[in-house]
Amino acid sequence: MIWVTWRQFRTPALVMLAGCAAYALALCWLGYSTRHAYDTEILGCRLADGCRLTDQKRAFLSEFTPPVSAAQAVLILLPALIGAFWGAPLLGREFEAGTQRLAWTQSVTRRRWLAAKLLLPGLATVLLTAALSFLLTWAADRFDEVEGTRFTALSFASRDVVPVGYALFAFAAGTAAGLFLRRTLPAMAATLAVVAAVLFLWPSLVRPHLRPPVTESVAFDQNVRDHDANVSFGHDRPAFVAGYQVPGALMLSNVTYLRTSSGALVRPSTVQDCLAKPPAPMPGTDGAGTVDQCMTSKHLHFDVTMQPADRYWSFQWIELGAYTLLAALLATFTHHRIAQVRA
Amino acid sequence: MTAGRLETVAMTPVIETEGLGMRYGRRVALTDCTLRVPAGKVAGLVGPNGAGKSTFLSMVCGLLAPTSGRIAVLGHRPGGGAARLAEVAFVAQDAPLYPSMTVADHLRFGARLNPRWDGRYARARIERLGLDPAQKAGRLSGGQRAQLALTLAAAKRARLLVLDEPVASLDPLARRTFLEDLQEYVAEVEVSVVLSSHLLGDLQRVCDHLIVLSAGRVQLAGDVPALLAGHSRGDGERIVPRPDGRPVDLEDLVLAYMAGEVVR
């Protein structure tokens, strides 16, 4: 039975492997060139006098953002491709050619036949995505270090262990689609649509709630601007802070109100005197007398909710578990249904 | 083969159905089908297109579960477990094969999936047919495909061989060769056969039992000599007599039943 599944899986396996070999080579190139640039531009900058590290980092990021984004996009696409090209034809092609009537009248029950058919591509799915995901994690590690976060939607989904879960889910979804639609192309299209929808909606709808978020109170001082935050004052509404980023964390609150030490919302009238001050420090001063310093003296704060950076690995494992479970449920369902469908 | 073995085989009918029915949603494909095919026969299932022949044969092989009634094949519910599957071999309509697999791959497929596989027979038959083992099934002619499919089914060494419209897509020469091969096989091995066609002419030479199916119902079923004898006696069932006075033959009988001309 294993020979039979290998004989039928051979061609799609080799086609996929050929494509992935080219991708793996590109990742090796990315890994080496980011390392080289990191050593010369970032490490070299720390040793050299008069070198501005933030500028060097910005240059490094802008140089490697396009190739890293492209590599991420391919790895995020990989589960969908596995689902469409390995999962969907597994049963879809049998029904299309009528060969299920040949296979199901041999001396092997449908369920055993399906189990054997799932085994080899399932194993290949795990090995292939694990290998490529770890290769990308290696290739992008200098980039991730400079960028300072691995929790963004695209980088989280393309690093470490979660791609394996996504790919197993996509493979199981493709197999199920083949059983229910009984044609290869519609099953491929349905697999792509379902996998894309789940992976697209997951980061905004599900991931933030996988663990109870942490709420933290942040004092409003000069440091706030270093965290990509913008403060907005309006005439008729309370002041709010937007885009505050805790390093490496998954931020759940993009916009949050500024509050006084008593917890009251901040109206423009509260800080009227500060708004009149000059926005930038005068040359040669330490920033005294600016808007920011004036605001700091008012002891304002705001609350942010987030999943902190140190939860990265727990989130990786939780998502791997969730998607593997989803894949197992789909496979069990397909395995159960196949004994009852019309041949 | 001993007489005792023959008797036990003969006692269990290969197919026994009672009120068997199949509907696809609202469409009724087969209704109230009660019949009994004795062991050791070559049974022909004749009926116009859409009469329910494929549905019936799929139920015999366990590919379809009936929506009503009961069916037993070799004394058991068809398709229930590997042991039951090993007892019935099937060549589906249009002889589906894996287009990208070679002839040799198909034999290996049969060998891996069937415990009683007769590899020597399969290879000998492929050689006799002149099929190239390295040829992909997708590049075979209709006749070659049918022959390869028959080889797979025959080498399985099942107790019942089921063939759904095996000669429908073949030219007259391939048709004759196929049926001769089938007759030869049946003569060599102890096996019961059920095969279907919409043309009686295909089956007339090889069948000794006949089931006429029309509009989802069994119109006539029985051993061929008994059927002919019964009708020439005119015991309760009469056919519109032939104008030229020639004795009623199988074709007249079947056509009359298909056309609904029989008065019960």
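Before the sheets themselves, a word on terms: two strands pair if DSSP finds at least two bridges between them, and helices (H or I, at least four residues) and strands (E, at least two) are DSSP runs, numbered from the N terminus. What we are looking at is a predicted model, in which local features need pLDDT of at least 70 and side-chain atom pairs count only at pLDDT 80 or more, while totals for chains, interfaces and linings use all residues. Residues are numbered from 1 along each chain as its sequence is written, and chains are lettered from A, with ligands numbered from 1, in the order in which they are written.

Let me start with chain B. Here an open sheet of six strands, with mixed pairing, has the order S5-S6-S7-S3-S8-S9. Its edge strands are S5 (88-91) and S9 (217-223) of chain B, each of which pairs on one side only. Neighbouring strands of this sheet are turned by 15 degrees against each other on average, direction ignored; axes are lines fitted to C-alpha atoms, for helices over the stretch in contact, and angles run from 0 to 180 degrees between N-to-C directions. Within the sheet, strand S3 (residues 42-46) of chain B pairs with strand S8 (residues 209-214) of chain B in the parallel sense, over four bridges, and Val46(B) stands opposite Val212(B) in S8(B).

Which strands does helix H2 of chain B lie across? Helix H2 (residues 53-60) of chain B lies across S3, S6 (160-163), S7 (192-197) and S8 of chain B, and runs at about 155 degrees to S7(B). Helix H6 (residues 142-155) of chain B also packs on the sheet, where it touches S5 and S6 of chain B, and its direction makes about 175 degrees with that of S5(B). By contact I mean that the C-beta atoms of two residues, placed from the backbone, lie within 7 Å.

Chain B has another open sheet, this one of three strands in the order S2-S1-S4, with antiparallel pairing. Strand S2 (27-37) and strand S4 (68-73) of chain B stand at the edges with a single partner strand each, so one side of each is left without a neighbour in the sheet. Neighbouring strands here are turned by 25 degrees against each other on average, direction ignored. Five bridges join strand S1 (residues 15-24) of chain B to S4(B), and Glu16(B) stands opposite Ala72(B) in S4(B).

Now to chain A, whose domain assignment (bounds come from an automatic or database assignment) gives domain 1 (2-205) and domain 2 (214-308). Taken over C-alpha atoms, the centres of these two domains of chain A are separated by 41 Å.

Is strand S1 of chain A largely buried or in the open? Of the six residues of strand S1 (residues 214-219) of chain A, the number buried is zero, so S1(A) lies largely in the open; a residue is buried if 20 or more other C-beta atoms lie within 10 Å of its own, exposed if 12 or fewer, and partly exposed in between, with C-beta atoms placed from the backbone. S1(A) pairs with strand S6 (residues 301-307) of chain A in the antiparallel sense over six bridges, and Glu216(A) stands opposite Val304(A) in S6(A).

Finally, the two chains meet: 18 residues of chain A are in contact with 24 residues of chain B. On the side of chain A that touches chain B, helix H1 (2-47) of chain A gives the most, with four residues.
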